[in-house]
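Dear colleague,

I am passing on the structure we spoke about, with some notes on what came out of it. Please read them with the model open beside you.

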Amino acid sequence: MTTPRDKSDPRKLPMMPIRDMVIFPYMMTPFVVGRESSVRALEEALTGDRLIFLATQHDATIDEPKAKEIYQVGCICRIVQNVKMPDGNIKVLVEGVERAKSTEVSDRDGFFVATIRTGKSNFELTQPVEQLMQRVTSLFEQYVKLQQSLNYETIIATVRMDEASKLSDVIATNLQIGVEEKQELLSIFDPAARLARIADVLDVEIEKLDLDRNIQSRVKRQMERAQKEYYLNEKIKAIQKELGRGEKSEFDELRKKIEAAGMPKDVLEKAIAELKKLEAMPPMSAESTVSRNYVDWLLAVPWKKRSKETRSIDFAEKVLNEDHYGLEKIKERILEFLAVRQLVKNPKGSILCFVGPPGVGKTSLGMSIAKATGRKFVRLALGGIRDEAEIRGHRRTYIGALPGQIIQHMKRAGTKNPVFLLDEVDKMASDFRGDPASALLEVLDPEQNSTFQDHYLDVDYDLSQVLFVATANVLHTIPAPLQDRMETLRLQGYTEQEKLEIARQYLVKKQREQTGLNEKQVIIHDDAIVELIRSYTREAGVRNLERELGNLCRKVARRVVKNGAKHKEEITAANIAEFLGVPRFRDSEMQEKNDIGVVTGLAWTEVGGSILYTEVQVLDGKGKLTITGQLGDVMQESAQAALSYIRGRAQALGLTREFYRNVDLHLHVPEGAIPKDGPSAGITMATALASALARIPVRRDIAMTGEITLRGKVLPIGGLKEKLLAALRAGIFEAILPRGNEKDLSEMPDKIKNSMKLHFVDSMDEVLALALTEPLPTPVPSEAEVLASVPVPPEISGGQATRQ
């Protein structure tokens, strides 16, 4: 703020706060006075020299502002006219006289009285000030031309003056700026400084107005261009019609395509109606684009085109055998499907679900089915999908709407009977956007998918001729209603022999070709592949095996490039470590000796079977059972059930009924960093507890798996093939299995049936008889039991005898 050097004597004037406006000197301003304090201040001024001090309040929403809520700098005004209105308010016309600053504000009889000082100075009109006045006047003229709310002629006439102070105040009065900015201009007492500040404000405001005008002119041009294009398009249509070429117009071409697409009757009617709407719309409108995209999608989806199926069972069998080794049950089901297709003209679509660990060939089986049947193949990856609209699409009301992935992939297939692979169906999730699995219920139901409705197309689409194939690693994450609509085929892990054959017949050749090697440059012996399977990969499938074979071939390729094309390498089990380094895995091996409290169990994992040792240690204590090894809830419950069985059979183990009160039991499953869960370790835990308590070693050459009940019954388990393969890898050729799994023996590979001695049991007594190296001790009767067995002497009659 700039104040003059010489200050006049202070004087006191009635003060009135005003809202939403700033009054400058030389300004005639009407406003209405309604507040009681303001009316009293006005009446006080009218009784005197009709002068009043008007200052703007900080916050216009406050009805009764305090002195500190009012700006100090205001304007001394002369009351020119005042009229009392019927509602009690007073309409006042004031003229700004001079800016002033309040030094003190006091309250007198309900209104403010301000002690004010005015700035008086002998301002000299120098040449720089004259140049500044000319610049400000020129800028203001530009501003008025751009500001449409101001009358150019009237405003410009008022600013043609030679006095700097008056010029600055008149221009400030007419600026369309905020109250705070105007208050800032009012607070500058020096006319030259005020003019400089006004010049800065005008520069900014002119730039804003120029930008606004450019935007408006650009929008206007775009609207004119759209109208012009619409007019010309309409004119072209009229000219073509006059020349007799109307039938070749774009809309007629679309109509022909719609009629030739083979749509059902209701879909055809909707497409024609949409085309008529499209013809009536302006070509450049947003609605026209939406409508045209919809018609294009209706035309893009296959309605009648279908692949000619290859129904030869011999050809299909040949293709499946060439592409996959083993998997006999899966191949048999596919050939059955083809046989039914030959006997039934229009069978219902089948939905197959391949369930198995990663890398066993689920996805490639879908591709082989398409190849064997001569159908198109499309694959939809469902992993991580959370939005139901990914399946059903969005309504056309949404900006950028598209059909769902089902319709999009049908368009990509180009036929109405492709093989449609739904990959990783167990990896879907649900959130606030809906549940994609629920949207798939209609897709995968042969009774309903003939009238599948996509939200974008909003018409019935027939999916009944599509062969859907789903893949999953596990079933428990798939909702039960969705599982019910699919025929589940389980793919188990490959045996070591199967992996060897797959590598020999498929993988080695494939990786050799991908690395540019020939049969002479790299020879991989069978023993090297077996070593690769055992020591460098641990999986149910062959994906990592293929990856390691590729790694071998790349290392050989580097040596060939370095040493010449005639260089060759023979890879055996003895030298494979030179290429791949230290073996990554080692199979669990048989225990070195029979040990007390250590039992060999069999476990199933997603990458195959494994050996799982269970250890029990008996300690002095008070009957506490400690379980370690990062065991899950189900496995901990199995441990509790095993201990309850042991306590119930204490006498058979040569223990007293109260044995558990004096000992603590610690049950541990090694490899504690790996989480473990499941009920199939029940008999393993019970055997370990029995061995530790009876002090009898467990046979090291026998493995076991099975669930236990409190009564000692052995219940069946899953993953039998993988578990027995793990036992074979560890050099164990004898296993104890639940009787309920005896039926699964027919599906076991011949290698397992011929190499292993399998014991099927019903109860824990049979398990202990097979697993322990010695028979259980004969129970020793307690003193009470001995006394109880003594007969009562005949001379004591009437049942009155008492044993001491």
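This is a predicted model: local features need pLDDT of at least 70, side-chain atom pairs count only at pLDDT 80 or more; totals for chains, interfaces and linings use all residues.

I begin with helix α12, which covers residues 362-373 and so has twelve residues by the count used here; from its first C-alpha to its last it reaches 17 Å, close to the 16 Å expected. Within α12 the buried residues are K362, L365, G366, S368, I369, A370, A372 and T373, and the elements that cover them include the helices α10 (313-323) and α11 (328-343) together with the strands β7 (351-355), β8 (377-381), β9 (419-423) and β12 (467-472). Directly after α12 comes G374, which has a positive phi, near 75 degrees.

Helix α1, made up of residues 36-47, also has twelve residues, and its ends, C-alpha to C-alpha, are 17 Å apart, close to the expected 16 Å. Its buried residues are S37, S38, V39, A41, L42 and A45, and these pack against the strands β1 (11-18), β2 (28-33), β3 (51-56), β4 (73-84), β5 (90-108) and β6 (111-118).

Turning to the protein as a whole, there are 26 helices and 26 strands. A compact globule of 804 residues would have a radius of gyration near 28 Å, whereas the value for this protein is 48 Å, and the C-alpha trace spans about 140 × 105 × 75 Å along its principal axes. Of the 804 residues, 45% count as buried, and among contacts with a separation of 6 or more, 74% are between residues 24 or more positions apart. The accessible surface comes to about 42,600 Å², with 49% of it belonging to carbon and sulfur atoms. As for charge, the mean position of the 114 positive charges lies 4 Å from that of the 116 negative ones.

Some individual residues may also be worth a look in the viewer. D20 sits in the loop between β1 and β2, and it counts as exposed because its relative accessible area is 59%, where the cut-off for exposed is over 50%. Q630 lies in the loop between β19 (625-628) and α21 (633-648), and because its relative accessibility is 43%, it counts as partly exposed.

Q448 is found in the loop between α15 (436-443) and β10 (452-453), and with a relative accessible area of 35% it is partly exposed. Leaving aside residues up to four places away in sequence, Q448 touches E442 and R485; M161, by contrast, is 287 residues from Q448 in sequence and 88 Å from it in space, C-alpha to C-alpha.

D595 belongs to strand β16 (residues 595-596) and is likewise partly exposed, at 32% relative accessible area. How far apart are the C-alpha atoms of D595 and P697, which are 102 residues apart along the chain? They are separated by 4.7 Å, and P697 is one of the residues that D595 touches, along with S691 and V698, when residues up to four places away in sequence are not counted.

Definitions and conventions. Residues are numbered from 1 along each chain as its sequence is written. Side-chain values use heavy atoms; hydrogens and water are left out. Helices (H or I, at least four residues) and strands (E, at least two) are DSSP runs, numbered from the N terminus. The expected span of a helix is 1.5 Å times one less than its number of residues. Buried means under 20% relative accessible area, exposed over 50%, partly exposed in between (1.4 Å probe, protein chains only). Contact means heavy atoms within 4.5 Å. The radius of gyration is taken over C-alpha atoms; the globule rule is 2.2 Å times the number of residues to the power 0.38. Accessible areas come from the Shrake-Rupley method with a 1.4 Å probe; for residues, only the protein chains shown count as cover. Lys and Arg count as positive and Asp and Glu as negative; His and the chain ends are not counted. The place of a charge is taken as NZ of Lys, CZ of Arg, CG of Asp or CD of Glu.
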